[in-house]
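Let us learn to read a protein model one feature at a time. Look at the sequence and the structure first.

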Amino acid sequence: MHTPHDQAPARSPRIGIFIIAYNAVNHLIKTLQRIPLEVWEQVEEVFVIDDCSNDNTYYAALGYKLHEGVDKLKVYRNQSNQGYGGNQKVGYQYAIEQGFDIVALVHGDGQYAPEVLGNLLAPLVRGDAEMVFGSRMAVPGAARAGGMPLYKYWGNRILTGIQNYLTGLHLSEYHSGYRLYSVDALKKIPFQSFTNTWHFDTQIILALAERGARIVELPIPTYYGDEICHVNGVPYAVNCVMTSIQFAKNRKRGVLSYPGVMDVPRL
């Protein structure tokens with residue numbers, strides 16, 4: 001007969017922080033410095049993947065690693081630009097190959113507060129979620145108070161309303177880039193076949209949702225500084241709506257979206 005004392009202690013999850021970076025030389029070091037010390041201690045690796053920037057983003061990250069002696073920081077550079085979605089594919093495939101249990105996506109421009117990483121990681125560490133989504137819209141008025149421009153605020157609200165109507169998910173927003181995932185959940189979706197552009201974020205939410213993944217939204221502070229937005233708003237909105245329509249059609253037919261798998265871009 002086994003007693004509770006015979007059971008091996010639960011293994012702590014292996015966590016990777018994925019810093020996605022493109023032309024972020026003015027913000028990347030500050031973003032790394034804003035990651036709380038307790039998070040650095042908790043995670044196995046923080047890896048930067050520079051998407052073939054036109055500036056010195058890659059060399060700034062390397063210089064920080066060497067100057068500060070940060071062994072947990074790994075720095076990579078794509079040989080050619082993969083696009084926003086394509087660079088995420090590279091990072092998630094890397095997380096799978098490294099055997100991480102959890103991967104957190106942080107933007108190198110610092111717009112999404114690294115300070116709250118510990119709070120966002122908690123549901124995944126507890127095993128209460130397959131995806132955690134940092135929402136700027138969860139607290140009424142917080143996005144505008146944090147400097148979100150009025151046109152972006154209403155664009156987000158309207159587009160989110162349309163997508164919720166089509167998908168039935170009732171999310172507070174779809175368009176925050178602050179996301180954390182169970183790596184096992186990522187293995188179950190064909191993210192390699194998704195777009196390389198901006199609506200990759202919508203595709204990955206819907207692919208997880210249609211497979212019954214537990215998606216947890218947590219509020220995050222909103223910050224707008226001098227970072228450059230590369231998103232072309234109208235095509236992005238159209239693609240998000242079309243993706244949501246396809247999701248609704250497939251759900252009625254009882255089939256999964258995105259069945260194909262393509263080759264994964266490599267570092």
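**Reading the second largest pocket and its surroundings**

A: By class, the lining of the second largest pocket has six nonpolar, two polar and six charged residues. Here Ala, Val, Leu, Ile, Met, Phe, Trp, Tyr, Cys and Pro count as nonpolar, Asp, Glu, Lys and Arg as charged, and the others, Gly among them, as polar. This is a predicted model, where local features need pLDDT of at least 70 and side-chain atom pairs count only at pLDDT 80 or more, while totals for chains, interfaces and linings use all residues. Residues are numbered from 1 along each chain as its sequence is written, and side-chain values use heavy atoms, with hydrogens and water left out.

Q: How is a pocket found, and what is the volume of the second largest pocket?

A: Rolling a probe the size of a water molecule over the atoms shows where empty space is left. On a 1 Å grid over the protein atoms alone, a pocket is an open set of points where a 1.4 Å probe fits, with protein on both sides within 12 Å along at least five of seven lines. Points are joined across faces, edges and corners, and a volume is the space filled by probe spheres set on them. The second largest pocket has a volume of about 200 Å³.

Q: Which residues lie nearest the centre of the second largest pocket?

A: Lining residues have an atom within 4 Å of a point. There are 14 of them here, and Asp101, Ile102, Leu124, Ser182 and Asp184 lie nearest the centre. Helix α8 (residues 183–187) gives the most to this lining, with three residues. Helices (H or I, at least four residues) and strands (E, at least two) are DSSP runs, numbered from the N terminus.

Q: Is His199 buried or exposed?

A: Buried means under 20% relative accessible area, exposed over 50%, and partly exposed in between (1.4 Å probe, protein chains only). His199 has 10%, so His199 is buried. His199 lies in the loop between α8 and α9 (200–210). Asn23 has 27%, so Asn23 counts as partly exposed.

Q: What does His199 touch?

A: Contact means heavy atoms within 4.5 Å. Leaving out residues up to four places away in sequence, His199 touches Tyr236, Asn239, Cys240 and Thr243. By the same rule, Pro149 touches Arg144 and Tyr224. Pro149 and Tyr224 are 75 residues apart in sequence, but 8.5 Å apart in space, C-alpha to C-alpha.

Q: How many aromatic pairs does the structure hold?

A: Rings of Phe, Tyr and Trp (its six-membered ring) pair if their centres lie within 6.5 Å; planes under 30 degrees apart count as stacked, over 60 as edge-to-face and the rest as tilted. The structure holds 13 aromatic pairs. In one of them, the rings of Phe47 and Tyr94 have centres 4.7 Å apart and planes at 50 degrees, so the pair is tilted. Phe47 is in strand β2 and Tyr94 in helix α4 (residues 83–98), so the pair ties together parts that are 47 residues apart in sequence. Phe47 is buried at 0%, and Tyr94 is buried at 8%. Tyr153 and Trp154 form an edge-to-face pair, 5.3 Å centre to centre with 80 degrees between the planes.

Q: How many salt bridges does the structure hold?

A: A salt bridge is a side-chain nitrogen of Lys or Arg within 4 Å of a carboxyl oxygen of Asp or Glu. The structure holds 10 salt bridges. One of them joins Glu115 and Arg34, with the closest N and O atoms 2.8 Å apart. Glu115 is in the loop between β4 (102–107) and α5 (117–126) and Arg34 in the loop between α1 and α2 (37–42), so the pair ties together parts that are 81 residues apart in sequence. Arg77 forms a salt bridge with Asp50, at 3.2 Å between the closest N and O atoms. Arg77 is partly exposed at 32%, whereas Asp50 is buried at 0%.
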